[in-house]
Amino acid sequence: MTTRMTAHADKKPFDPDTFLGSSVAMIVSDHTSTGRADGSPEALIVRIAATRDRDAYAQLFTLYAPKLKAFMMGRGLSANEAEDLAQDALLSVWRKAGYFDPSKAAATTWIYAIARNLHIDGVRKQKRARDLPEDLWAPEPDAAADVAVIGAEDARTVAVLIDTLPPEQIEVIRLSFFEDLSHGDIATALSIPLGTVKSRLRLAMMRLRTAFDTGTRV
Amino acid sequence: MSKISHHIDELLLLDYHHRRLNAGQSLLVATHVEMCGHCRSQLRLFDAIGAALLQDMPPVAMRADALELALARIERPEEGEAPAAPVVPPYLQGIDLPETLRQTAFKKRYWAAPGVWMAHVDTPKDGKSLTYLMHVKGGMEMPVHDHHGLEMTLVLTGTFSDHNGVYRPGDCISCAEGDHHAPAIAAGEDCLCLIAALAPIAPKTLLGKLLKPFARI
């Protein structure tokens with residue numbers, strides 16, 4: 001736990017080898033002097049923000065739109081609705097690119113946050129004055145020691161840790177995050193008590209949190 | 001800001017992440033999250049979990065003209081500005097409010113008792129739930145009361161305590177069905193709280209019962 005804190009305090013340069021997942025790693029082709037890979041999704045968003053780079057946008061769209069479509073179909077949207085949502089999410093990425101901070105968030109995490117908000121706003125037909133992603137993923141105003149920053153590396157650690165969870169915990173995580181079921185609906189779906197759903201979720205969170213715990217919290 | 005020691009329960013945060021809370025609870029959680037790095041981290045974990053699942057999705061092909069459409073859409077100007085921030089009511093001017101509450105419209109305040117004023121969020125009625133600011137003069141004690149449904153209280157300024165502990169700015173206290181307590185405000189500084197209740201409170205004392213119609217809580 002303490003070593004994690006040291007790692008954060010040192011403000012390590014962005015490491016292109018620690019992106020989320022393998023498909024992203026495959027397109028990492030080049031390392032710049034800043035330690036950021038040119039073709040990485042993070043670098044693509046930075047290029048969009050800096051120069052409104054249409055080519056970078058096309059690459060990012062090709063990489064993420066089909067995954068977002070698949071993800072939203074998993075949440076119960078029709079193919080057409082999921083396609084539209086993927087379009088809207090990537091359009092938001094283009095518009096909000098200036099808010100993206102690659103030292104704070106992995107591209108996939110940031111894009112997920114944008115798509116999640118769009119999905120919920122669409123479902124609830126409820127417009128909010130403030131969007132969550134740029135707020136939640138904005139740089140911390142004061143780098144207080146108790147604020148855990150989840151960089152790209154930590155996001156990848158989360159992905160790896162999910163695979164190490166017991167199957168019954170992976171199941172509740174998937175039903176909650178992927179199928180977007182409430183705790184009560186998960187209990188019904190699995191025919192287990194609500195308390196069991198909650199304790200499985202808590203155990204899973206406890207484990208996943210070790211990906212980026214600062215070790216300063218009690 | 002002093003260290004926040006009373007956080008939002010992680011499963012409630014998970015409901016917030018999936019936007020399953022009602023408007024008042026969402027406002028309270030959003031305000032706490034703005035004040036609390038610990039709970040922001042927790043929400044980021046949820047996004048990282050979702051992103052991990054997204055990353056592993058086998059892609060589903062977009063329509064043939066999808067990229068063409070996407071490149072056309074980014075050329076169009078962005079329509080619709082974010083709504084302007086509401087005017088800060090006079091009674092809140094000079095108070096260092098979190099940005100989330102600065103963006104929130106409140107009705108006129110009213111005096112619920114000597115030294116106690118309240119101001120409800122200016123939103124359409126949402127079932128039995130109530131969301132309001134409560135400002136209590138330093139040194140006062142509130143009447144003992146029961147709770148009929150989950151009530152969340154977020155301290156914004158000042159300090160209060162009950163039999164369970166001391167609560168400072170940023171701290172969030174949840175009272176469940178059947179809980180009862182008699183909060184006491186620390187002397188010296190007035191206490192401003194945001195409260196999101198699923199049901200009206202039930203005063204235990206005669207004084208509290210007498211005050212209730214006036215307090216509208």
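The following questions and answers go through a predicted model, taking the contact between its chains, then a sheet, then the cysteines.

Student: How many residues does the contact take from chain A and from chain B?
Tutor: The two chains bury about 6,000 Å² between them, 60% of it on carbon and sulfur atoms. As for residues, the contact takes 54 from chain B and 70 from chain A.

Student: Which element gives the most to the side of chain A that touches chain B?
Tutor: Several elements of chain A give two or more residues to that side, among them α2 (22–26), α4 (54–74), α5 (79–96) and α11 (194–209). The one that gives the most, with 14 residues, is α4(A).

Student: How many salt bridges does the rule find across the interface of chain A and chain B?
Tutor: A salt bridge needs a side-chain nitrogen of Lys or Arg within 4 Å of a carboxyl oxygen of Asp or Glu. One pair that forms a salt bridge is Asp9(B) with Arg202(A), whose closest N and O atoms are 2.9 Å apart. Across the interface of chain A and chain B, the rule finds 23 residue pairs in polar contact, both at pLDDT 80 or more. For salt bridges across this interface, the number found is 9.

Student: How many disulfides does a search of the whole structure find?
Tutor: A disulfide requires two cysteine sulfur atoms within 2.5 Å. The search covers all chains, and its count of disulfides is 0.

Student: How far from Cys172(B) is the nearest cysteine sulfur?
Tutor: Cys172(B) is in no disulfide. The nearest cysteine sulfur belongs to Cys39(B), at a distance of 8.2 Å.

Student: Is Cys172(B) buried or exposed?
Tutor: A residue counts as buried under 20% relative accessible area. Cys172(B) has a relative accessible area of 6%, so Cys172(B) is buried.

Student: Which cysteine has the sulfur nearest to Cys193(B)?
Tutor: Cys193(B) counts as buried, at 5% relative accessibility. Cys193(B) is also in no disulfide. The nearest cysteine sulfur is 3.7 Å away and is that of Cys191(B).

How values were computed. Residues numbered from 1 in each chain as written. Chains lettered and ligands numbered in written order. Heavy atoms only, no water. Buried < 20%, exposed > 50% of the residue type's maximum accessible area, 1.4 Å probe, protein only. Contact = heavy atoms within 4.5 Å. Buried area = accessible area lost by both parts, 1.4 Å probe. Polar contact = N/O pair within 3.5 Å; in protein donor to acceptor, adjacent residues only side chain to side chain. Helix = DSSP H or I, 4+ residues; strand = E, 2+ residues; numbered from the N terminus.
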